[in-house]
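Visitor: I would like to learn how to read a model like this one, feature by feature. Please give the general idea each time, then the case at hand.

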Amino acid sequence: ALVSIANAIRMNEHTAIRSIYLRNIEIPDEGAVAIANLLKHNRTIERLEMFSDDRQLIISLSTEGTRAIAEAVRDNNTLLDLTLKISCDDVSYAVADMLRHNTTLTHWTLITWGDTYTLRGAIAIAQALKDNKETALLSLKFAQNLVLSQEQNLDVARAFIDTLDCN
């Protein structure tokens, strides 16, 4: 159903949909790819949020699905607000590439989840923000799931503080 809906929105040149909220669902790879294609072609969607109703959990989205969405957002020039889960370093690098090149995203909520997300992935994201001198990012929210140790979280905080000093 999600693929059909995303494709219908993408094919309708006269759509005025500005926000997409996906809650409490598992998105298969083909659904994530359909959303990514929608973001590549649609020029009205400004907000994409994927979370559960209680805001403590995130919807299920595979590594490949998250990577497809990050790659679509990279060159998107209308999306302003994104909530995205990062579950491993591979996805962190795709998201870092997205943040290094995207110049219109103003609000981003990063949710880390899983035991394969490490300090290297977090620092890659911080470095990408530091490298992007044209970023429009005004708000960056973190929700972490005890993935990193307290010391590692301090290292991540230092990396992001360094980013703030540069931008």
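Visitor: Is V73 buried or exposed?

Guide: Buried means under 20% relative accessible area, exposed over 50%, and partly exposed in between, with a 1.4 Å probe and protein chains only. V73 has a relative accessible area of 0%, so V73 is buried. This is a predicted model, in which local features need pLDDT of at least 70 and side-chain atom pairs count only at pLDDT 80 or more, while totals for chains, interfaces and linings use all residues. Residues are numbered from 1 along each chain as its sequence is written, and side-chain values use heavy atoms, with hydrogens and water left out.

Visitor: In which helix is V73 found, and what is V73 in contact with?

Guide: Helices (H or I, at least four residues) and strands (E, at least two) are DSSP runs, numbered from the N terminus. V73 belongs to helix α3 (residues 63–74). Contact means heavy atoms within 4.5 Å. Leaving aside neighbours within four places in sequence, V73 is in contact with L39, L79, L82, M98 and N102. For L39, the C-alpha atoms are 6.8 Å from those of V73, although the two residues are 34 apart along the chain.

Visitor: What is the pattern of helices and strands along the protein chain?

Guide: The chain has 6 helices and 7 strands. Along the sequence the pattern reads α-β-β-α-β-β-α-β-α-β-α-β-α. Of contacts between residues at least 6 apart in sequence, 81% join residues at least 24 apart.

Visitor: Which residues touch the most other members of the largest nonpolar core?

Guide: A nonpolar core is a set of buried Ala, Val, Leu, Ile, Met, Phe, Trp, Tyr and Cys residues joined through side-chain atoms within 4.5 Å. The largest one has 45 residues, of which L48, I69, V95 and W108 touch the most other members. Helix α5 (residues 119–131) gives the largest share of this core, 7 residues. V95 touches A70, L84, I86, W108 and I125, not counting residues up to four places away in sequence.

Visitor: Where is W108, and why does W108 count as buried?

Guide: W108 lies in strand β6 (residues 107–116). W108 counts as buried because its relative accessibility is 1%. Beyond four places in sequence, its contacts include L82, M98, L137 and K141.

Visitor: How many cavities of 30 Å³ or more are there?

Guide: Rolling a probe the size of a water molecule over the atoms shows where empty space is left. On a 1 Å grid over the protein atoms alone, a cavity is a set of points where a 1.4 Å probe fits but cannot get out, and lining residues have an atom within 4 Å of a point. Grid points are joined across faces, edges and corners, and a volume is the space filled by probe spheres set on the points. The count comes to 1 cavity of 30 Å³ or more. About 30 Å³ of space lies in the largest cavity, which is lined by L99, N102, L105, N132, T135 and L137.

Conventions: 1 Å grid on protein atoms, 1.4 Å probe; cavity = no way out; pocket = protein on both sides within 12 Å on 5 of 7 lines; lining within 4 Å.
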